[in-house]
Amino acid sequence: MQYVWPSNKGKVMGQMIEPLYAKQVEAVGEDDVYYKLLSLVDLVRVGKVREINYAIKTLRKNILNETSR
């Protein structure tokens, strides 16, 4: 299943996931790193165990500079 944030400019159809805040879709359109981080947060919100573990590991690496855990 592919999750998407609601957007009039979107090119992909999928299961809608509510953004964490109102201007999120606009903000991520301007910043690739921010898009990646918020996508990982959404994996934690709706993913399966393997996806959640991957997202947490990747978020730790990107935000806390942790190498492994």
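# A first look at a predicted model

Q: Which residues does alanine 27 touch, not counting residues up to four places away in sequence?
A: A touch here is a contact, meaning heavy atoms within 4.5 Å. With residues up to four places away in sequence left out, alanine 27 touches Tyr21 and Tyr34.

Q: What is the mean pLDDT of the chain?
A: This is a predicted model, where local features need pLDDT of at least 70, side-chain atom pairs count only at pLDDT 80 or more, and totals for chains, interfaces and linings use all residues. Residues are numbered from 1 along each chain as its sequence is written, and side-chain values use heavy atoms, with hydrogens and water left out. The score called pLDDT is the predictor's confidence in each residue, from 0 to 100. Here 97% of the residues reach 70 or more, and the chain's mean pLDDT is 90.

Q: What pattern does the chain follow, read along the sequence?
A: Let's start with the pieces: helices (H or I, at least four residues) and strands (E, at least two) are DSSP runs, numbered from the N terminus. The chain has three helices and two strands. Read along the sequence, they give the pattern β-β-α-α-α.

Q: Is alanine 27 buried, exposed or partly exposed?
A: Alanine 27 is found in helix 1. Buried means under 20% relative accessible area, exposed means over 50%, and partly exposed is in between (1.4 Å probe, protein chains only). Alanine 27 has a relative accessible area of 23%, so it counts as partly exposed.

Q: What kind of aromatic pair do tryptophan 5 and tyrosine 35 form?
A: Searching the whole structure turns up one aromatic pair. Tryptophan 5 and tyrosine 35 lie 5.5 Å apart, centre to centre, with 85° between the planes. Rings of Phe, Tyr and Trp (its six-membered ring) pair if their centres lie within 6.5 Å, and planes under 30 degrees apart count as stacked, over 60 as edge-to-face and the rest as tilted. That makes this pair edge-to-face.

Q: How many residues apart are tryptophan 5 and tyrosine 35?
A: Tryptophan 5 sits in the loop between strand 1 (3-4) and strand 2 (15-16), while tyrosine 35 is in helix 2 (residues 32-46). Tryptophan 5 is buried at 15% relative accessibility, whereas tyrosine 35 is partly exposed at 43%. The pair links distant parts of the chain, with a separation of 30 residues.

Q: How much space lies in the largest pocket?
A: On a 1 Å grid over the protein atoms alone, a pocket is an open set of points with protein on both sides within 12 Å along at least five of seven lines, unlike a cavity, where a 1.4 Å probe fits but cannot get out. Grid points are joined across faces, edges and corners, and a volume is the space filled by probe spheres set on the points. For the largest pocket that comes to about 980 Å³.

Q: Which element supplies the largest share of the lining of the largest pocket?
A: Lining residues have an atom within 4 Å of a point, and the largest pocket has 30 of them, with Tyr3, Val4, Trp5, Tyr35 and Ser39 closest to its centre. Strand 1, helix 1 (24-28) and helix 2 each supply at least two. The largest share, seven residues, comes from helix 2.

Q: How many nonpolar residues does the lining of the largest pocket have?
A: Ala, Val, Leu, Ile, Met, Phe, Trp, Tyr, Cys and Pro count as nonpolar, Asp, Glu, Lys and Arg as charged, and the others, Gly among them, as polar. The lining has eight polar and seven charged residues, and its nonpolar residues number 15.

Q: Which residues is aspartate 42 in contact with, leaving aside its neighbours within four places in sequence?
A: Aspartate 42 lies in helix 2. Its contacts, with those neighbours left aside, are Trp5, Ile17, Gln24 and Gly47.
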